Amino acid sequence: MDDRYAMSRRAVLLGVTGVATGCSSSGGRAATPTPTSGTPTAAPTGGTPAPSSAPTLPTVTTWAPDPGDVQPQVKQRAVTLVSALGAWPPGGQGPAAARARLAALGFAPELADRAGPLLSQAPQAVLEVVDAQYGGILDDTASVLVVCRRWTRAEDGAVTADGSTVDVRLSRASPVWTVTTLYPSDPGPAAASLSAQATRILADSRITLPPAATADVRAGAVHASVLTALETLAAEHTIDVSVLRSGHPINVFGTTRPSDHPRGRAVDVWRIDGRSVVNPATPRALVEGFMRAGAAAGSYNVGGPYQLSGAAFFSDPTHRDHVHLGFAT
């Protein structure tokens, strides 16, 4: 276990400000499906069939790496793990079944013991990966942030939507990288009241937040500087956020330097105006313009796939697949 987990993620994050699988567009990610009424999937033997009017679980798109991804097989391995933990056929709920699924895929079965909110006692679940983003990629180790939406069906047929962001850690091995551990997001409870700005962000159709990021905003855990920048940028662009606070490594990967994300002072954006940052077909001018706009909106630390001139900008393999905006105040 690395230094970032010398204490629990929740303990580290208690001092934050103020207080859940792929898309069919470019980049191997997916539009959000919604449950519909129809004939339900058959219940497992001995179970009670859901009423015919009950909502069905959505059909989800399978995530696939983008041609522009660094080490795409590393991302695929992380996504396979999370999908095996967070989704199951009728009757496949529970830790024992999760351990069996991992073993069948060549993962250490005990990884299921760290799955936390990915597991439940619902008889059936489907999971969609919104994005798989690097939290860090070095020569021999990696962090992949698997951003998920998930739907579970209860015994009575009721469908519940949730989701998380899972920090999957891997180390180089042959023929495939080895998953060493995982850290599901833990945004914490919703705040008793929200600022007007946070309420606007949650309602803004030009800003798409995955479940963990939505929960971060609802918890009042995202700094006003980040929310202000998102509003400013959304006046000119549609924005798909991958990570705000929860689910991100506490330290900048491979270092002991604290990341701005767990303090609620950073945002990662994986798609701009419907174009994924990592896709080679996405115009460079669009991504560069967004990076410059992020700096103009107050970010002191702008990372992305391209190295721009100026002290605020940086680029490395980790940031090939997203634009990072960090804020000092």
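**Notes on the predicted model**

1. Q71 sits in the loop that runs between helix 1 (9–13) and helix 2, where helices (H or I, at least four residues) and strands (E, at least two) are DSSP runs numbered from the N terminus. Although Q71 is not a glycine, its phi is positive, at about 45°. With a relative accessible area of 24%, Q71 is partly exposed, on a scale where buried means under 20% relative accessible area, exposed over 50%, and partly exposed in between (1.4 Å probe, protein chains only).

2. The model is a predicted one, in which local features need pLDDT of at least 70 and side-chain atom pairs count only at pLDDT 80 or more, while totals for chains, interfaces and linings use all residues. Residues are numbered from 1 along each chain as its sequence is written, and side-chain values use heavy atoms, with hydrogens and water left out.

3. Two further backbone features deserve a look, given that most residues other than glycine have a negative phi, and most peptide bonds are trans. D273, in the loop between strand 7 (266–272) and strand 8 (275–276), has a positive phi near 50°, and its relative accessibility of 35% makes it partly exposed. The peptide bond joining S174 and P175 is cis, with omega about 10°, and P175 belongs to the loop between strand 3 (159–171) and strand 4 (178–184).

4. The axes of helix 2 (residues 72–86) and helix 3 (residues 95–104) come within 9 Å and cross at roughly 150°, the axes being lines fitted to C-alpha atoms over the stretch in contact, with angles from 0 to 180 degrees between N-to-C directions. Helix 2 is therefore roughly antiparallel to helix 3, a term used for angles over 145 degrees. The contact (heavy atoms within 4.5 Å) is made by L81, A84 and L85 of helix 2 together with A98, R101 and L102 of helix 3.

5. V243 lies in strand 6 (residues 239–243) and, at 1% relative accessibility, counts as buried. Leaving aside residues up to four places away in sequence, V243 touches Q133, L145, T165, H248, H261, A266, V267 and D268. The C-alpha atoms of V243 and L145 are separated by 8.5 Å, although these residues are 98 apart along the chain.

6. For the chain as a whole, there are seven helices and 11 strands, and buried residues make up 51% of the 329 residues.

Note on methods. Parallel < 35°, antiparallel > 145°, perpendicular 65-115°, else oblique.
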